[in-house]
Amino acid sequence: MKKFVSKKLTLAILLLVGISVLVSGCGFAKKDTINITGVVVDANSKPIAEITLSIIDSDATVKTNKDGKFTFTNVKEGRNVLALIGNKGTGKIVVNAVKNMKSLTITYPIMTEIVIFHVNDTHSKLNNFPKLSWIVKDARDNYDNVFLLSAGDMFSGSPIVDQYDPKGYPMIDLMNKVGFDVMTLGNHDFDYGQGVLKGRMADAEFPMICANLEVTTDNLPQPEPYVFLTTENELKIAVLGLVQISSTTGIPATHPDNVVGINFTDGLTVAEEYLDLADDSNLFIALSHLGSSTDSDLANQMGEMDLIIGGHSHTVIEEPVLTNGVAIVQAGDDLTYLGKIIVTMENDHVANIDGELITLNEESPNIDQEIQKLVDDYNSDDSFNRVIGIATSAIDSQEELGCLMTDAMTEIHDLDIAFQNSGGIRVSSLEGEITVSDIYALEPFGNEIIRYELSVDEIEALLMKANRNFTDLFVSGIKYMVLTEWGEVKDVVLTDYAGNPIDETRTYSVGLNSFIASSATYDFEHDDPGVSIYSTMAETIIEYIDNGGNLDYDGVVRTGRSSNNVVGQTDVILSSADCYNGSNTAGNLIADAIRVYTGADIALFPSGNLNGSAVDIPVGSVNEGDLLQLYSSYINSNEYVVADILGSDLKQLIYERSARNKNADIQVSGMTYVINFDDTGDLADVECYLENGNVIADDETYTVSFNDYYYDSYYGVSGKVTNEVVGETTEQEMLLDYMLDLDSPLPVSLAEERVTIATNIIGQTDVTLSAKDCYNGSNTAGNLMTDAIRAHTDAQIVTFPSSYLNSSADDIQAGSINQTALLQLYGSYIGSNKAVVAEIKGSDLKQFFFDRSDRYNNADVQVSGMTYVIQLEAGNLSSVECYLENGDPIVDDEVYTVSFNDYNYNNYYGLADKVISENVSDSSEQSMLLDYIINLTEPIPGSLAEERITIQ
């Protein structure tokens, strides 16, 4: 029977001990006492030095010498000799001291400690490899049996890796040097295609395994289904690899072209074929890229396993979750965490499994310098850091991003119309300076553009297929409206941008990315088979932005859904706006609907599934189409899981989700919660209450309804619940049923505040704080940040990137300064970026300002301690005049101490060879800002609005 305890066992070496006992007949021995001599040896009869032996109920102790020998003198007969293994040990051997003993051999249980490090879903992120390497190397110096495993999806997610020549090589290079032992294939590991994957498998100095696939072509070698790892004392560890398969497509979640010629089988079905591994090994591990929910199913199905190391769902499991006697772990994503498991073996079976997650994002001096240099070399490719344009306002909805991507297709390739699927948009926003790297993050798949000649009927057929339940395809060249009736698509109306019907008699050149063109999801009737333009989406978008410079997609909407079905009445405005800053009526409404339908005490709904850009529904009739626009398309497919959970685990979930992005991540019904931040901007605590105001109790059990996708993929609570019931009704169906069943309008009370980000007043201001219009000169938010950095660093001059100001943020009016509102004025980067304080000659400093102003003929840098004037002639930069704050000009041959943002300094400014000395601050820009305001004894004065940058 397996034994699992949460407390770690101290290292115990398992020895075979032989003790020879001789009876002394010397006259000096005390009456009724004996002398005991002997030797301690290991299983191979090798003497063991420094083993501590003691007498029970006595202070007498002795250590073995270098030959493993020991002597106890004057031991009372009947006393027990207790052998402790070293100073750390807990192992015990009891020998009764009997006068007539001649020799005694005692078999001590062999204890083996196995340390397993694990990662999953790294998605091409390299920057934490130096920390990972140091931790693993340190463990290998201190333990005999250390292994490093990956549960898949090491590739696809960063241009540094994904666009390298050859693709993916930097990841394999680092994995080799760090010393990975085995990796299972994940769905995104096929994203580069089989030819590339074959090359990376050949480069890898470790096996890539997978049991539930069969390769039927020569394009890819057949992976082994499992491997055996072996400990120093010959214990066998079986590692079985499994990859996620979609229940609808029968293949992993990758482009279908990437897996042609490979047959996949359900992982749960295949796993049972390898039950014999439990008998053939001492430790049986599933290296699973199935997702946390399926891992739970696997554990319930195969209790013969000892450990499941998971991936795919990006779940953060802080310590092993025990399911049917099987320990389940997973380590988040993006190399944010390194999982560490300690398996204690007693003789040949598992005695204990313990584990933890090590946070890699925190700063640490403990890094592998050799690996750091390698990572720096890979990151130094300036082509990815090249700025290609500026988003003058944040492009922060899928509609806006989709319009940008499709405009690139129509503009660069002279197409009439282009479509982009929502699932292929892989960032949530673009703002400020846009780099090549940003575009490869937006579209990391390498999809090519396929050109078709389509009639209007064929275009409508595509849209009817793709938008059956939600708006999935974004467009350039036309607008379209999907007409629905009770959730079913009835028609699609196509117009030009002005709203006029398009010409139904002509044929249009239409661009689709290759995923849309080949996926069964979008299989529509059309005559033209299509032809590749032989240009990728990423290349096309880069060229488009490069040609245009500044981008403004604020409020661009080209798709819509409409229904004439009135589903109810409302006395309160229904809004999905500002959902991350608290509750809203749309969030409260759907959470109430789910709670009523499921009968749960509490219902949770992801804020991310609210459509923050939707138009509010005014008081009066509620139209079905307008109502559904308040939510993301996922509500038509997401269902629910109802389960009982302890209050302590529910509160931990709310805390973790609030801490993830420091916002209101979950909308609720049946409860309220308050998010409190500390003075540094970090989450302090979350207070959770029932709707009646009572505190949610740690040891009470509550019936809670979860969104099934988040429950599976992100919440990580499957191992903490009981009485789990999985529903088959979608959130959309529950919402519409709830509305139709109401006898009266939605009340004003629906606007109640259920999620609160506690007011955190950190200072006062006599001037409006604004981040707007930052590229046309200085503003109060920029002046404030640079003053704060200057106060902290004591630099003469401070620079701060204008792109790090959030121009869409609400102004803070004169009066109190709320910390949350303040931080909204700036990009999230200030939480990690620091300051580089350097000495630089005036001539080089002035050249720096000229170069930055020349990029887009604007105010690229905010300042403190100086002013500058940008002179334009005929729209082009003529000169930049630089002055100290006292009005004196900056002198060419004078040396000035200047603070630069560390990220831009390293990636864009190109000053490393021009500075005389440099020093990196110990605090982030965010910390400097908050400290500055908190320590002010007077309100921020009106003089902060001074004009430090002028464009003439």
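**Stop 1: aromatic pairs**

Select Y192 to begin: at 15% relative accessibility this residue counts as buried, buried meaning under 20% relative accessible area, exposed over 50% and partly exposed in between, with a 1.4 Å probe and protein chains only. Before going further, note that this is a predicted model, where local features need pLDDT of at least 70 and side-chain atom pairs count only at pLDDT 80 or more, while totals for chains, interfaces and linings use all residues. Residues are numbered from 1 along each chain as its sequence is written, and side-chain values use heavy atoms, with hydrogens and water left out.

F155 and Y192 make a tilted one, 5.4 Å centre to centre with 50° between the planes. This pair links distant parts of the chain, 37 residues apart: F155 sits in the loop between β10 (146–150) and α2 (159–162), and Y192 in the loop between β11 (182–184) and α4 (194–203). Helices here (H or I, at least four residues) and strands (E, at least two) are DSSP runs numbered from the N terminus.

Next, pick Y226 and F228, an edge-to-face pair at 5.6 Å and 75°. Y226 is partly exposed at 30% relative accessibility, and so is F228 at 32%. R506 lies over the face of Y508 in turn, at 4.0 Å.

For a cluster, select F848, F849, Y868, F900, Y905 and Y909, which are linked by ring pairs.

**Stop 2: helices**

Show α1 (residues 129–142) with α8 (residues 369–379). Look for F129, P130 and S133 in α1 meeting I371, Q372 and V375 in α8, contact meaning heavy atoms within 4.5 Å.

Finish at S296 in helix α7 (residues 292–301). S296 is buried at 11% relative accessibility. Leaving out residues up to four places away in sequence, S296 touches T323, I328 and S718.

Technical notes: Phe/Tyr/Trp six-rings, centres within 6.5 Å; stacked < 30°, edge-to-face > 60°. Lys NZ or Arg CZ within 6 Å of the ring centre and 35° of its normal. Axes fitted to C-alpha atoms, helices over the stretch in contact; angles between N-to-C directions.
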